[in-house]
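This report walks through a few local features of one protein model, for a reader who is meeting the structure here. Please keep the sequence and the 3D view at hand while reading.

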Amino acid sequence: MGHKDNAAGVPTFWGTSGSRLQKLITAVATTDFLLFGYDQGVMSGIISADAFTADFPEVKGDSTYEGFVVSIYAVGCFLGACFILSFGDHLGRRKSIFLGATVMIIGVIIQIASVPDGSGGGATAQFIVGRCITGVGNGINTSTVPMYQAECSHSHNRGKLICIEGGNVAIGTLIAYWIDYGCTYGPHAFVWRFPIAFQCFFALVVIILMLQLPESPRWLLSKDRNEEATLVIAALNNERRDDPAIQTQVTVIMDAIRASGHEGGVTNMSDLFTNGPSQHLRRLLLGASSQMMQQLSGCNAVIYYFPILFQTSIGTSHNLALLLGGVNMVVYSIFATTSWFAVERVGRRKLFLIGTVGQCLSMVLTFGALIPGTESAAKGAAVGLFTYIAFFGATWLPLPWLYPAEINPLKTRAKANATSTVSNWLWNFFIVMITPVLLSGTGQSGWGTYLFFAVLNAIFFPIIYFLYPETAGRTLEEIDVIFIKGYAENISYVKAAHELPRLTEAEVIDKARKYGVNYSDEEASVSMHEKTEGVFSAPLTDDQTQK
């Protein structure tokens, strides 16, 4: 890590510390998610372009093959997330981000080097392999970047920063749509090669910025690299290493690591499936289910196939469909920025619930307008798609990237966050594969597709309402105490989050001990059997704690 101390003795990276250093870390995260969004949107304007179908004729008129070429990217992302699931704890956050960006560049080079020779599907196969490799790089980074930012952020703005990161998916998709549209007026090879090649710009920015940015302090402490971690925490807080507040923060994180049995920094897969006071399995399922529901809400059916939806369901020309797709992405991007200001004020739960209701009603409007099968009625479906993407951008776009990164404890965070990302890409692949088939086989103009997504969104509401605790304004260690409290008092974790007041770092440790837990460790406390016997039926009194 390339740090220097300034005149006040405060460590700096890229010559900055405190909020400016936070902004640089946010710049890396947002650039990476710009790339993620760009990658998601770039194929939508290319897949049905005449130049692309001429060079790769296998996709022309074959909805299944078309779905495969688009969705193979999600398979690569799945493999990248699996890689982090296995090796993320060993590599750390910085090396993983370097690796992900480098792999993406390699995949892009393979794609743009595909040269159709008229002898068969060799060029198409090469393009598919390249797109899959690009996906591997993206899977590595989407599993790592939110976690890296969460571990380097303060509790009061963690949600905002990760929502800025997630919201840039929409802006990246917007850039892709308009580059696709502009390239349709270029030479034949330029139509699809330039939009694919432009991904390298974002990846190079990520690599360059990461050269002198710090490693996650929590990961460093889990590897017993205490001196480096103290340096990073001091830089992030714009304080000297020997400041008492810095030493207190280091102590709290180290206590959490020791209590959770995470010393050495490597977590066994079996640890993901334990519960007890720290509720590893429950928290894993909360994070992974948010990613699953994001995909099953129908977002990528709209994002990937928006131009095709307009051509097949509403009957527009390819040029007009691309133009409308670009306008839709402008709406998407504008509404994605609203989460930056609402996530800490409104909270995670309310935004999830508001988005679910809005998406459900938008899908109802869309399928209802398509049932008559007339062009004039289908314009109502266009309105539904626009309102859907507005609600999605403001809520369900960023939140599933934020929630797993903060809801999981330090011991399982890397593996649980990677598992959540695996969930995202598995369901992404499923939805992107079935959407062309659904559109062609579910009633007039594919109205059944939108009915399917409307029903799924309706199902999500009670799941979120009854199971998702609020985490806004909490430190990562404070979130641990929410689950300790819920387990100890045998109450809903939603209720536990509502009842627990804001805690200082010292109060976090005291509160955990009050519940008979050495910080957050189920292994260091009692078994499920002891809970059943009533040992955890109520918090300990101050007198009992002192004994």
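## Cysteines and disulfides

With a disulfide taken as a pair of cysteine sulfur atoms within 2.5 Å, the count in this structure comes to zero. In general, a disulfide is a covalent bond between the sulfur atoms of two cysteines. Cys 299 is buried, having a relative accessible area of 2%, and Cys 360 also counts as buried, at 15% relative accessibility. Here buried means under 20% relative accessible area, exposed means over 50%, and partly exposed lies in between, with a 1.4 Å probe and protein chains only.

The model is a predicted one, in which local features need pLDDT of at least 70 and side-chain atom pairs count only at pLDDT 80 or more, while totals for chains, interfaces and linings use all residues. Residues are numbered from 1 along each chain as its sequence is written, and side-chain values use heavy atoms, with hydrogens and water left out.

Ser 362 belongs to helix H17, which spans residues 348-370; helices are DSSP runs (H or I, at least four residues) numbered from the N terminus. Ser 362 is buried, with 3% relative accessible area, and a polar atom of its side chain lies 2.8 Å from the backbone oxygen of Gly 358.

When residues up to four places away in sequence are not counted, Ser 362 touches Gly 384, Thr 387, Tyr 388 and Phe 391, where contact means heavy atoms within 4.5 Å.

## The largest cavity

Three cavities of 30 Å³ or more are found in the structure, a cavity being a set of points on a 1 Å grid over the protein atoms alone where a 1.4 Å probe fits but cannot get out. The largest cavity holds about 60 Å³ of space, the volume being that filled by probe spheres set on the points, which are joined across faces, edges and corners. Of the 13 residues lining the largest cavity (those with an atom within 4 Å of a point), Phe 36, Gln 40, Gln 294, Gln 295 and Leu 397 are the closest to its centre.

Helix H1 (18-46), helix H12 (280-296) and helix H13 (299-303) each supply at least two residues of this lining, and the largest share, three residues, comes from H13. By residue type, the lining of the largest cavity divides into eight nonpolar, five polar and no charged residues.

## Lys 514

Lys 514 lies in helix H24, residues 505-514, and is partly exposed, with a relative accessible area of 28%. Lys 514 and Lys 485 are 29 residues apart in sequence, and their C-alpha atoms are 9.7 Å apart in space.

Definitions and conventions: Polar contact = N/O pair within 3.5 Å; in protein donor to acceptor, adjacent residues only side chain to side chain. 1 Å grid on protein atoms, 1.4 Å probe; cavity = no way out; pocket = protein on both sides within 12 Å on 5 of 7 lines; lining within 4 Å. Nonpolar A, V, L, I, M, F, W, Y, C, P; charged D, E, K, R; others polar.
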